[in-house]
Amino acid sequence: MTTLPLPSRAPAPLLARALVLRDDASLALEADAVVVRGPAGSFRLRRPAPGVRDALLRLARGPSDPARLVDGVDESARGVLRAVLDRARPLLAEVLLDGGTELLRMERTSPGGTAPAGPPPVQVACVRLSRFALLRTRGDRLVLESPLSGVRAVLTSARARALVAGLGAPQETSGVGGPVERQLVDTLVDAGLVEAAGPGERFPSEADPVLRQWDYHDLLAHGRVRSGSFDEPLGALYPYRGSIAPRPAVRKPPAGPVVPLHRPAWDEVAVRDPSLTAALEGRRSVRHHGREPLTLEQLGEFLWRVHRVRAHYVPDDDPGGADADEAVSRPYPSGGRAYELELYLTVSRCRGLDPGVYYHDPVAHRLVLVEGDPGPREAVLAVARRAVGSDVTPDVLVTVTSRFQRLSWKYRAIAYATTLRHTGVLYQTMYLVGTAMGLAGCALGNGDAALSARVLGLDYLEESSVGDFMLGSMPEDGGLDPGPHPGWHLGNGSDWPVRAQEQLP
């Protein structure tokens, strides 16, 4: 008999357990094979024995007693059936029934999953939903999941849904309900979806120093954007090809007055730039700017080297069509050549440029005025000041936005994580170019996406900010601290200059 590994600690099990093909899996009969497909994988069984094929068909029709699946299977084929069930385990659900009535299903979401923090206490005094539990709709079912668990509970009955809802707050075990409810809770505890605490003890997510330092959304994202810990489709699957037109690789600039930008000559830049090593070692976050402001020529060179469109590609077989996988090239790398990031500049002071909020057109290499009112501009700059804990206003605040659907049209599960990776790559590019040019740069760890969307006139769900970068003239002290902090301990690189900025040409 093959079942999912969800043991109950109840001394006398009251609930029957059955196996069934998951709702999101399918079984197809071919001339000489049985094919089972699902989001967690698929397999083809060639020339199955009649009894094995019938057993699989029973699993597709509804819950089946695992002990009865061998009925009609020759003794010689029973080993094959057990092996097939073991292989198909990610595509099967274990059903818990009370007197023939289904209460819930347990589905495997990963080969192993992260184990709950230690075994449940021998004497359970209190239970509640895990701090990391997620209750959501999946298809037309309500499911309970957790990034700490390798299984999900599909709440197929009102009884199970009411039980789980009641566990939103800590409950003494004596108040959970009857023996059936307590056995359901035991199953959810074993699965890591419900936490249990002994008399006078804290719940594991409160007591474990590692779990205490994980925020719910961070752990959820960590488990959902890489394969191996979840069973949803992931990667470049083009889920909307043919049904939704992809976003163009190049955004249409907004309407407004334009300011042409300087285009540097490659030979001049190559002669005066420091080496890559010098730029890397000299890079630092500088949060204050010089007495003289950044110039429009410097700003133009910076944007040209960081963000311009170098080439634009449209497939010849379907130019601009619903299935076109357009691409562009820019100075920094981007997964799938998506280049979904756009730059908006909130200018406080820049010689040769009026204060305002501008969009950088990466094709024409020009600025387009988006907002000239000082009120919205100051609101955006105030957020930047709070982010760096300073009352100094940057010369220019570069806001990085993402056209999200440029990625999600192609990628499942990893689209947002990928745009954050791209933002980090762009940050490094801005740092290195700014350092090479002798400018002061500082990436910000926080910003107000809702505010910037309003100021920039963007739809928050279509395009909004994912990063901010302060840029300005280098202050007279070179942006250097007085020296290494007394608490610093220099490692193997201590023979390299701490003030590498001073050595830049």
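**Sheets and helix packing in the predicted chain**

Three strands form an open sheet in the order β2-β3-β4, with antiparallel pairing, where strands are DSSP runs of E with at least two residues, helices are DSSP runs of H or I with at least four residues, and both are numbered from the N terminus; two strands count as paired if DSSP finds at least two bridges between them. The structure is a predicted model, in which local features need pLDDT of at least 70 and side-chain atom pairs count only at pLDDT 80 or more, whereas totals for chains, interfaces and linings use all residues. Residues are numbered from 1 along each chain as its sequence is written, and side-chain values use heavy atoms, with hydrogens and water left out.

The edges of this sheet are formed by β2 (26-29) and β4 (41-46), each of which pairs on one side only, and the twist from one strand to the next averages 15°. Between β2 and β3 (residues 33-38), the antiparallel pairing extends over four bridges, and S26 has R37 of β3 as its bridge partner. Helix α1 packs on the sheet and touches β2, β3 and β4, its direction making about 140° with that of β2; here contact means heavy atoms within 4.5 Å, and angles run from 0 to 180 degrees between N-to-C directions, with axes as lines fitted to C-alpha atoms, for helices over the stretch in contact.

Helix α1 (residues 50-61) also packs with helix α2 (residues 75-87), at an angle of about 35° and with the axes 10 Å apart. The contact involves V52, A55, L56 and L59 of α1, together with A77, V80, L81, V84 and L85 of α2.

Strand β7 (residues 126-129) pairs with β12 in the antiparallel sense over four bridges, and the bridge partner of V127 in β12 is A196.

For the chain as a whole, 14 helices and 23 strands are assigned, and 48% of the 505 residues count as buried, that is, under 20% relative accessible area with a 1.4 Å probe and protein chains only.

Conventions: Buried < 20%, exposed > 50% of the residue type's maximum accessible area, 1.4 Å probe, protein only.
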